[in-house]
Amino acid sequence: MNPKNRILQGIPASPGIVLGQAQVLSDRGAPATLRLLYTENEVSEEMDRFRLAVDRTEEELIRLKEEMPAELQEHGYLLELHLVILRDRRLYQETLRLIQEQNLNAERALYQAFQKVKELFQRIMDPHIKGRIADVEAVYRRLVGHLTGKTLSSIFSASEPAIIVARDLSPAETSQMSASQVLGFVTERGGRTSHTAIIAQSLEIPAVVGLDNATWEIASGEDLILDGFTGRVILDPDDAMRRRYQIRQEEFETFKAEVVQGSALPAATSDGQPNRVLANIELPAEVSLALKYGADGIGLYRTEFLYLRLRQLPTEDELFQDYKQVVEAMAPREVTIRTLDIGGDKFLSPLEYAPEMNPALGLRAIRFCLKEQKIFRTQLKAILRASAFGKVRVMFPLISSLREMREARQLLKEVQEELRLKGVPFDPHMPVGAMIEVPAAVTLADLLTQQADFFSIGTNDLIQYALAIDRGNKQVADMYQPLHPAVLRMIREVVRAGRAAKIPVAMCGEMAGDPLYIPVLLGLGVNELSMNAMAIPVVKRVIRMTSLEEAREVARQALRKGTVEEVNDYVIGEMDRRFPDIFRFGRTLATNPGT
Ligand code: PEP
Ligand code: MG
């Protein structure tokens with residue numbers, strides 16, 4: 001028998017604490033058994049059986065989309081994406097081909113087709129794109145359910161609400177959950193950037209992802225404590241442990257209510273220096289969360305999602321509608337739209353290029369857009385058209401030279417001219433920014449101000465390139481240090497250049513949303529911070545409890561230290577002392593499920 005209070009460690013994906021019984025969904029994802037078909041008749045029956053399963057899956061997806069609860073309607077696009085994946089030739093035609101040419105049974109043929117798709121995804125480095133494999137897998141599992149007669153619809157309808165434990169849950173499956181049926185969930189798969197995590201947050205369902213072997217370690221009916229702050233799952237807790245977590249849970253509820261109450265207040269320091277606290281979003285659906293948590297605007301709209309579809313590129317009109325929706329919903333607040341940050345090998349999109357040895361250093365972001373000008377122009381047109389409906393800024397990712405800024409602005413000018421000739425309205429004064437994510441851009445920051453109306457520091461990439469630490473590599477994750485002296489100096493450098501040219505300097509990497517770093521950043525002169533919406537209330541609270549003078553002192557001290565360990569010790573010590581309540585809950589509340 002296992003001892004009590006056994007602890008499993010996963011990745012925190014959605015904050016909160018729940019105590020309850022596990023319901024394990026274990027039979028999903030095993031290799032399908034092989035059965036060979038011997039007659040032509042069998043082959044054609046098997047092909048029909050597969051087609052029928054596809055039709056049923058399609059009907060199910062359409063029904064789910066129609067029945068989706070109102071607060072999740074905006075997530076319907078995921079089901080649409082699944083409908084497209086379902087008929088994608090790599091899955092659909094390939095399965096039929098394998099049945100016909102290799103005489104495989106439908107389950108096995110589908111399994112093999114799916115494995116091939118997975119291999120293609122595995123070669124992609126970008127975590128956002130890699131995350132799309134979850135959608136293909138979700139479609140695969142749904143299809144297997146219809147082929148084998150075991151569908152997923154029964155999963156969430158257990159009579160008692162439970163903590164769901166699964167190998168993986170797709171965003172569409174997650175969006176079928178409601179807090180009344182599902183206390184929380186634990187998955188083996190899933191990265192921090194997954195939409196599953198985003199949806200869990202918008203439903204306010206605590207979740208832990210990336211917990212290896214969860215479906216083996218946890219048995220259905222077993223009592224669990226799920227800690228969405230630390231990523232811990234405690235099996236068969238004893239009374240003392242339960243009490244401890246119940247108290248934490250109550251304290252958290254009180255803390256959250258208190259913090260959220262203040263989220264609409266302005267983000268001024270205690271001595272009156274105004275700051276802007278903005279939200280990062282990937283989808284229009286996240287706007288409501290941004291508003292709920294008091295965002296002063298959108299500081300980073302990552303626009304990749306619409307490009308990750310199958311078959312065709314988004315049209316100018318589709319992009320325009322998407323941006324307009326965000327701009328109108330946020331008005332009169334400002335929306336900063338980042339142009340396409342995509343590159344290299346894009347499976348499941350029409351942008352198929354040769355796989356790159358080192359995609360992080362490859363044809364991505366602005367480099368890709370300057371090469372694929374047609375795609376870029378279409379996006380710029382859509383952004384400009386949306387600018388007629390509210391306050392819009394545009395910014396270019398991964399800028400590493402003045403030439404890139406010049407070229408991008410030149411294209412923007414040409415597109416403006418085109419719209420002007422057609423009489424299409426847009427904001428001719430829309431600010432144009434450069435993302436500072438590459439050390440070269442830091443060094444050139446003073447020059448870049450010639451072409452940039454604002455800067456936004458993307459620390460996720462800047463830290464990766466400055467410290468040569470792959471942001472997605474678990475092996476070196478402990479070396480990925482925002483308070484590294486080199487990083488602090490770079491931020492100082494960018495702020496200086498921005499100040500000298502009188503242009504605003506924002507930050508939109510994950511560093512900006514972690515309360516631990518707020519006084520240092522304010523002290524360095526960054527006064528526009530963009531983050532995961534859930535982090536906003538806590539960050540605003542830290543700002544309101546800090547004076548600019550204190551913040552400057554923290555930054556000064558931090559800059560004097562020679563090693564990252566010294567800076568960490570100093571900053572953590574200082575923050576623990578000043579904000580004991582926030583560092584009990586706040587940090588995990590705010591720490592994005594981001595990268
Ligand atoms: C960054 O690099 O900090 C950033 C905000 O962009 P992304 O995380 O989308 O690369
Ligand atoms: Mg980046």
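Modeller: Angles under 35 degrees count as roughly parallel, over 145 as roughly antiparallel, 65 to 115 as roughly perpendicular and the rest as oblique. This is a predicted model, where local features need pLDDT of at least 70, side-chain atom pairs count only at pLDDT 80 or more, and totals for chains, interfaces and linings use all residues. Residues are numbered from 1 along each chain as its sequence is written, chains are lettered from A and ligands numbered from 1 in the order written, and side-chain values use heavy atoms, with hydrogens and water left out.

Colleague: Okay, why are helix 22 and helix 23 called roughly antiparallel?

Modeller: The axes of helix 22 (residues 548-560) and helix 23 (residues 564-578) cross at roughly 155° and come within 9 Å. That angle is over 145, so the pair is roughly antiparallel. (Axes are lines fitted to C-alpha atoms, and angles run from 0 to 180 degrees between N-to-C directions.)

Colleague: And which residues make the contact?

Modeller: With contact meaning heavy atoms within 4.5 Å, helix 22 brings Glu 550, Glu 553, Val 554, Gln 557 and Ala 558, while helix 23 brings Val 567, Tyr 570, Val 571, Glu 574 and Arg 578. They split into 5 nonpolar, 1 polar and 4 charged.

Colleague: What makes strand 11 and strand 12 a pair?

Modeller: Pairing takes at least two bridges found by DSSP. Strand 11 (residues 334-338) and strand 12 (residues 391-396) run parallel and are joined by 5 bridges, so they qualify. One bridge sets Glu 334 against Lys 391 in strand 12.

Colleague: What coordinates the magnesium ion (ligand 2)?

Modeller: Glu 437 (OE) and Asp 461 (OD) do, at 2.0 Å. Donors are N, O and S atoms within 2.8 Å of the metal (3.2 Å for Na, K and Ca), so both meet the cut-off. Water is not among the atoms, so the site may look incomplete. Glu 437 sits in the loop between strand 13 and helix 16, and Asp 461 in helix 18, 24 residues apart.

Colleague: How do you know whether Glu 437 is buried or exposed?

Modeller: Buried means under 20% relative accessible area, exposed over 50%, partly exposed in between (1.4 Å probe, protein chains only). Glu 437 has 3%, so it counts as buried. Asp 461, with 2%, is buried too.

Note on methods: Helix = DSSP H or I, 4+ residues; strand = E, 2+ residues; numbered from the N terminus. Nonpolar A, V, L, I, M, F, W, Y, C, P; charged D, E, K, R; others polar.
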